Amino acid sequence: MQQQIIYPPVTEITPTAPMKVAVYGDRAKCLQRLIRLEFPIPVTVALSFDAVRDAALGNLPDMVTLMAPFGPQPLLSVRPSSENADWGGPSAILNVGMNDARFATMAEAMGEQPAAQLYLQFVQSYAVHVARLDPDEFDMPDTADAASLRAMLATFEAETDAPFPQDPAVQLAEVLRSMARAWDGTSARLLRQAKGAPADAGLGLVVQAMALSVGQGECGSGIVQFVDSTTGAPRIVGRYAAQNIPQMAKTDAEGALYLTRDQRGASLQDRCPDTFAHLLDCGALCRKHLREEMQIKFTIDAGRLHILDAVRVQRSSRATVRIAVALAEDGVITRQEAVMRVEPVALSELLHRQVDPNAPRDVLVTGIAASPGAASGRIVLTANEAQASAARGEPCVLVRRETTPEDIRGMHAASAVLTMRGGITSHAAVIGRGLGVPCVVGASDLMIDRKSGKVVSPDGRSFSAGDIITVDGTTGQVLAGAPAMLEAALDGAFQTLLEWADMFRDIGVRANADTPADAQTARNFAAEGIGLCRTEHMFFEGDRLGVMREMIFAEGSDDRRAVLDRLLPMQRADFAELFSIMEGRSVCVRLFDPPLHEFLPSDKAGLRDLAEQLALPLPEVTARVAALSEYNPMLGMRGVRLGIAIPEIYEMQAQAIFEAMIAVGSKGIAPAVDIMIPLVSAVREVELMKTRIEGVANMVAGRARAALNYRLGVMVETPRAALRAQDIAAHAEFLSFGTNDLTQMTYGLSRDDAGRFMSTYVQQGVYAEDPFHTLDIEGVGELVAMGAERGRRGRADVVLSICGEHGGSRSAIAFCRDHKFDYVSCSPFRVPGARLMAAQLALKDKITGS
């Protein structure tokens with residue numbers, strides 16, 4: 001019988017200590033791996049998830065036992081250790097144990113300024129993060145000395161009515177309790193849930209001896225990583241601050257050195273070649289054994305290297321893809337692992353716009369480029385204003401002095417974020433990257449006056465809330481107005497990863513594309529075909545709208561045909577271009593769907609223009625438009641109902657499709673075309689349409705003396721079509737489930753109006769998610785599953801797909817795989833993510849054996 005492993009609530013991290021990510025967190029387990037690699041790690045103790053939960057309730061571990069491994073008078077750091085490093089955690093607290101006595105001893109040994117700097121930093125972080133005092137009262141002074149230290153300690157006492165704690169055990173206990181409670185806060189919970197963490201995710205804490213790096217000889221502290229966080233390219237990046245600069249303190253302080261040899265100044269590589277070489281070895285070992293690109297935090301004390309921590313390199317979406325591909329190409333991980341490591345949202349972020357390099361740039365201020373991509377929007381100064389702006393459908397830029405966890409909802413709602421304070425690892429930067437929101441931080445030259453609702457740039461220009469600015473998170477610039485944008489270019493790693501994904505996925509991915517431009521985008525993203533071409537969008541282009549309106553006002557069948565004859569060559573050209581672009585890949589053309597009134601004006605000016613165009617009296621035009629209006633047009637005269645009532649429209653479209661097939665075929669391309677009948681609810685509708693479309697096909701094929709390769713199918717959008725799928729499939733070669741309308745009709749909801757109350761419904765748990773955003777598996781999904789099963793009964797080889805926008809979501813793709821659908825179809829820009837999700841789901845099934 002296998003002996004059960006006991007995981008103590010508090011344990012020193014050693015090579016043999018029982019250590020598990022699910023018990024102590026990712027950081028604790030990573031430190032053990034570094035210790036096993038014989039890295040020079042200071043003494044470290046880990047607290048389990050259970051121990052931290054108890055600490056949040058006030059039940060702290062025995063402090064004597066916890067502090068015993070560190071010896072007398074320790075200086076300690078406390079860092080979070082969540083199960084997944086990407087879930088984050090409370091801010092680290094450094095220099096725990098610093099007190100008046102320790103300050104006096106250190107000042108004598110190293111000088112007053114560095115000792116005061118250490119103590120001030122601890123008092124500041126303790127006051128803000130542990131005692132929860134006003135941060136503005138504890139700004140770091142310009143000069144670190146005994147006088148400024150006394151002033152800050154006095155401020156603490158005045159704010160708390162108690163002196164600053166001097167007992168290291170008391171300090172540590174309060175730090176542990178504070179960090180444990182911060183993890184349980186509402187904002188922290190929302191934040192980690194946004195990153196995929198369960199609401200009850202645990203937090204471990206890691207207590208480590210400080211390695212101060214302020215002794216004699218070469219001393220300093222820094223961080224180093226071996227890839228570029230933005231591009232993912234191999235590159236040594238980091239910083240090193242020389243002697244008397246406290247660990248992880250000022251990044252631009254006097255004494256900063258370059259890491260690698262540089263003509264502009266001294267470098268760590270020149271000054272300490274052996275230590276630098278040791279760092280390189282550590283990086284290589286991390287990559288090989290931890291199978292990841294890691295950022296290493298280190299100190300040097302009298303020439304001796306100490307590794308404090310190694311964390312996964314923060315990276316942009318572009319870097320995420322390139323790193324995963326590089327690790328696989330170097331044999332560090334497999335291709336399957338590379339595919340599993342990239343979140344589909346990362347691919348979507350690569351498709352975000354950038355500012356056109358040729359566009360004029362009216363730069364207001366430059367900060368730190370914290371999250372790549374660019375976005376324009378109206379200035380808002382609070383998270384609530386951001387949410388309100390998003391509810392109105394207005395893009396906005398959230399401008400703050402600095403963000404806090406309480407701003408997470410506003411950051412979700414904003415198109416971009418701009419802060420005066422912060423660095424590359426600040427709250428706004430980390431969250432911005434996590435959410436894929438363009439972000440610039442550290443724009444310290446900007447002035448924000450919340451009372452007047454104004455933002456003032458360094459050159460004195462004033463911008464009010466509501467004015468439009470652009471945040472370029474790639475360059476760190478903030479621009480006035482909304483310059484022209486360009487889509488991001490995709491590199492070879494992006495294509496390589498998706499080629500690997502295609503090797504593993506087991507369901508097709510097509511694109512919804514209505515125009516030649518959409519079709520070209522679909523081809524660029526390697527869609528396997530067009531799963532939905534909504535032909536009505538073609539009628540709104542150029543002069544076609546006027547011709548369409550003439551057809552609507554035509555008195556009889558002959559008049560309608562005469563007008564439609566003018567549309568025929570336009571439609572034929574559209575289809576020919578689509579078929580040429582897709583080069584033999586399947587194109588599913590949905591016949592005309594919307595009600596006719598959508599093509600008619602509703603305002604007086606538009607009605608006057610229409611009357612003039614048709615040479616008809618205005619009252620007659622007004623009356624005809626009113627007669628075509630419907631109480632509930634989405635359930636009225638549309639889709640196949642139009643095809644039966646006004647057959648000339650579908651006959652013209654069918655003729656255009658078949659003639660385009662002939663024209664493209666003559667150029668050596670064999671188009672594969674699916675013709676889809678929308679909004680079917682009865683088998684007789686299909687029979688009637690099939691007879692008419694086959695008649696047109698025979699006519700065109702006879703004239704051209706050529707065969708036509710096409711399939712006729714149905715778009716299942718009504719509950720009745722799903723219920724009667726067995727009968728319908730007998731006359732249809734494919735069934736494509738239009739989940740947008742099917743959701744609308746199943747719920748009895750108007751997707752155009754549901755937004756007024758949907759957030760309330762989701763918040764109160766009426767619906768788990770907005771069913772128009774996430775496929776309702778239990779309700780709509782049951783109808784789809786039923787329709788698929790019954791469709792197969794009517795035709796064993798019927799082709800099944802989903803073509804609503806749900807088709808690009810993970811839940812819908814998983815559903816379609818479970819029910820053996822042939823493909824999903826989604827908007828072109830969602831195709832890369834859908835290809836990756838399909839591969840990940842297939843690989844996950846292989847791993848679990850399902």
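## A charge over a ring

R624 lies over the face of F553, at 5.3 Å from the ring centre. The model that shows this is predicted.

## Aromatic pairs

A pair of aromatic rings is described by the distance of the centres and the angle of the planes. The structure holds 15 aromatic pairs. One of them joins F156 and F164 edge-to-face. Their centres are 5.0 Å apart, with 75 degrees between the planes. Both residues are buried.

F575 and F579 form a stacked pair. Where do F575 and F579 sit in helix α21? They are four residues apart in this helix, which spans residues 557–582, so about one helical turn separates them. F575 is buried, with a relative accessible area of 0%. F579 is buried too, at 2%.

## A ring cluster

Which residues do ring pairs link into a cluster? The members are F103, Y119, F122, Y126, F156 and F164. F156 and F164 are the buried edge-to-face pair described above.

## The barrel

Eight strands close into a barrel. Their order is β24-β25-β26-β27-β28-β29-β30-β31, and the pairing is parallel. From one strand to the next, the twist averages 25 degrees.

Take β27 and β28 as an example. Strand β27 covers residues 672–677, and strand β28 covers residues 710–716. They pair in the parallel sense over five bridges. V673 has Y710 as its bridge partner in β28.

Technical notes:
Residues are numbered from 1 along each chain as its sequence is written. This is a predicted model: local features need pLDDT of at least 70, side-chain atom pairs count only at pLDDT 80 or more; totals for chains, interfaces and linings use all residues. Side-chain values use heavy atoms; hydrogens and water are left out. Two strands pair if DSSP finds at least two bridges between them. Helices (H or I, at least four residues) and strands (E, at least two) are DSSP runs, numbered from the N terminus. Axes are lines fitted to C-alpha atoms, for helices over the stretch in contact, and angles run from 0 to 180 degrees between N-to-C directions. Rings of Phe, Tyr and Trp (its six-membered ring) pair if their centres lie within 6.5 Å; planes under 30 degrees apart count as stacked, over 60 as edge-to-face and the rest as tilted. Buried means under 20% relative accessible area, exposed over 50%, partly exposed in between (1.4 Å probe, protein chains only). A charge sits over a ring if NZ of Lys or CZ of Arg is within 6 Å of the ring centre and within 35 degrees of the ring normal.
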